Amino acid sequence: EKNWKGKICCIGAGYVGGPTCSVIAIKCPDYKVSIVDVNPHRIAAWNSDDLPIYEPGLDDVVKACRNRNLFFTTDVDGAIVESDIIFVSVNTPTKKHGLGSGMAADLTYIESACRRIAQVATSSKIVVEKSTVPCRTAESMRAILEANSRNGIRFDILSNPEFLAEGTAITDLFGPDRVLIGSLQTPEGLAAQKALADVYAHWVPRDRIITMNLWSSELSKLAANALLAQRISSINSLSALCEATGADVDEVAFAVGKDSRIGPKFLKASVAFGGSCFQKDILNLVYLCESLHLKEVAEYWRQVVVINEYQKQRFVRRIVHALFDTVTSKKICLLGFAFKKNTGDTRESAAIGLAKYFMDEDANVHIYDPKVTDEQILMDLSEPGISSGIEEVKKKITIFKDAYSAAEDADALVICTEWDEFKALDYQTIYQAMKKPAFIFDGRLLLDASELRKIGFKVETIGKPS
Ligand code: NAD
Ligand code: UGA
């Protein structure tokens, strides 16, 4: 076997583990990188031409190094044994039952990955907490690893949270604003920190590799997501005020964003933020505050999620009201099902909540998304709390292969995801094929409402006067 400078294992071949460690592999040809998962279907897909996640640029990265220094395997134990650095990149969803249900992070997968590491390791390891976790999880990881370690094997734990956003993961990973590494401030902790920094230094300038103590690093990840989501809830709360006053939220965002202290990014009003992390991580932060008896702090952050739910309900109410206060038996066409453009990921997507509402009202819901599979849509909508199951979904939902056929004969189009292709559609043709009056509800402030009105559409846009 080749004389590798080091061997890296990544436990969890998901949206984070897959892209992150594929980029490490392409940037560090002197390291062997193995990405492992307990899910054989996911690993098989990573080894095929049809990768399990859609992310612009990912195919090229994987193709360039797969089976050279990048390996996808279900042999979790083998990869643990041979590696010096082990990333733990497993899912940390919101707990569904028990203490902290609906709020706290479920750390089952983190714990089982740690137990596995301790059980099979035959040499000392650096264990990197990549998943997003509550503050002080590294301490629990260390307790589990040390209590189960054999023959005096050492485990040094680092916190190395991931800041990539889906849809731009590869560019984010190639040029991160910062890489954060937290460690204990002991000689061993600092040595481990340096070993990981040396990996990133293959492509990230040293001044962007920030080091700090473990707890600051863990909390910084939750803080970053909370602040980002807070910006969206802030602009969305203002969008309600815009609709009530005749102000235009895009103009307000532009004006305030010109202040260099506020800045222009992440101020796009929308039907709501989605994605697997914002809500989960804020609830996790709220739970942490509550358990530390910081009630006011907990309430402050909870409001970010409250406004997000309010925004979805407000949009639905506006749609129903415009459609003469009833959507029963009407054809409502949802354009976009992913939680944002350039991803096939639907976790916590606003479209799921909208579809649920329209199903409850017995509407016929047409759905088109360029990247989300039919199976995924049917699965999401069959979840308990969304519908009574697959029978109801099959009765009320029709999935289409393109926007034009989805829009045919519809009463209304609802833009749920800001896919570029929705901007380029021929709305004249769509208008002709729709029932009249033909409505467009733009949940993403994506389309030029005045052009659409010239065609004949009735247009309602979030944060803009009707
Ligand atoms: P994911 O569900 O896509 O992937 C997690 C994978 O871990 C799954 O494939 C699962 O089978 C595997 N797994 C679980 N337990 C395992 C075990 N014991 N051994 C081997 N494999 C195991 O999740 P994700 O979106 O990649 O998120 C992972 C973590 O990263 C979460 O904590 C999340 O909060 C955080 N995060 C996510 C993003 C994002 O954009 N999705 C960004 C930053 C941080
Ligand atoms: C987010 C963060 O941006 C990442 O830094 C972080 O690593 C990640 O969460 C995570 O921890 O999982 P992601 O959820 O993939 O990334 O995507 P974002 O671009 O942040 O979008 C989240 C949601 O907010 C989407 O539904 C998006 O449409 C919405 N959004 C975003 C707005 O409504 N307005 C905006 O101005 C920006």
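Helix 9, spanning residues 214–245, gives the most to the shell around ligand 2, with 4 residues. This shell belongs to a predicted model. In total, 20 residues surround ligand 2. The closest are Phe163, Leu164, Ser270, Lys340 and Arg444. By class, the shell around ligand 2 divides into 11 nonpolar, 3 polar and 6 charged residues.

Polar contacts to ligand 2 come from both backbone and side chains. At Leu164, a backbone N or O atom lies 2.7 Å from an oxygen atom of the ligand. At Lys340, an N or O atom of the side chain is 2.7 Å from an oxygen atom of ligand 2. Arg444 also places a polar side-chain atom 2.7 Å from an oxygen atom of ligand 2. On its own, ligand 2 has 700 Å² of accessible area, and the protein covers 89% of this.

Ligand 1 is surrounded by 26 residues. Here the closest are Asp37, Arg42, Thr92, Glu166 and Lys280. Helix 5, residues 108–120, gives the most to this shell, with 3 residues. The residues around ligand 1 divide into 9 nonpolar, 10 polar and 7 charged.

A polar backbone atom of Tyr15 is 3.0 Å from an oxygen atom of the ligand. A polar backbone atom of Val38 is 3.4 Å from a nitrogen atom of ligand 1. The side chain of Glu166 has an N or O atom 2.7 Å from a nitrogen atom of ligand 1. Taken alone, ligand 1 exposes 840 Å², of which the protein buries 90%.

The annotated site was examined next. An unreviewed UniProt entry places the feature "active site" at Cys277. Cys277 is found in the loop between helix 10 (249–257) and helix 11 (278–291). Cys277 counts as partly exposed because its relative accessibility is 27%, and buried would require under 20%.

Helix 13 covers residues 350–360. Its buried residues are Ala350, Ala351, Ile352, Leu354, Ala355, Phe358 and Met359. An α-helix has 3.6 residues a turn, so residues three or four places apart point the same way. Asp362 follows helix 13 and has a positive phi, near 60 degrees.

Confidence scores were computed for the model. The mean pLDDT of the protein chain is 97. A pLDDT of 70 or more is reached by 100% of its residues. The ipTM is 0.98 and the pTM is 0.96.

Methods:
Residues numbered from 1 in each chain as written. Chains lettered and ligands numbered in written order. Predicted model: local features only at pLDDT ≥ 70, side-chain atom pairs only at ≥ 80, totals over all residues. Heavy atoms only, no water. UniProt positions renumbered as here; feature names shortened; annotations may be inferred. Helix = DSSP H or I, 4+ residues; strand = E, 2+ residues; numbered from the N terminus. Buried < 20%, exposed > 50% of the residue type's maximum accessible area, 1.4 Å probe, protein only. Near = heavy atom within 4 Å. Polar contact = N/O pair within 3.5 Å; in protein donor to acceptor, adjacent residues only side chain to side chain. Areas by Shrake-Rupley, 256 points an atom, 1.4 Å probe, with all protein chains shown as cover. Nonpolar A, V, L, I, M, F, W, Y, C, P; charged D, E, K, R; others polar. pLDDT = per-residue confidence, 0-100.
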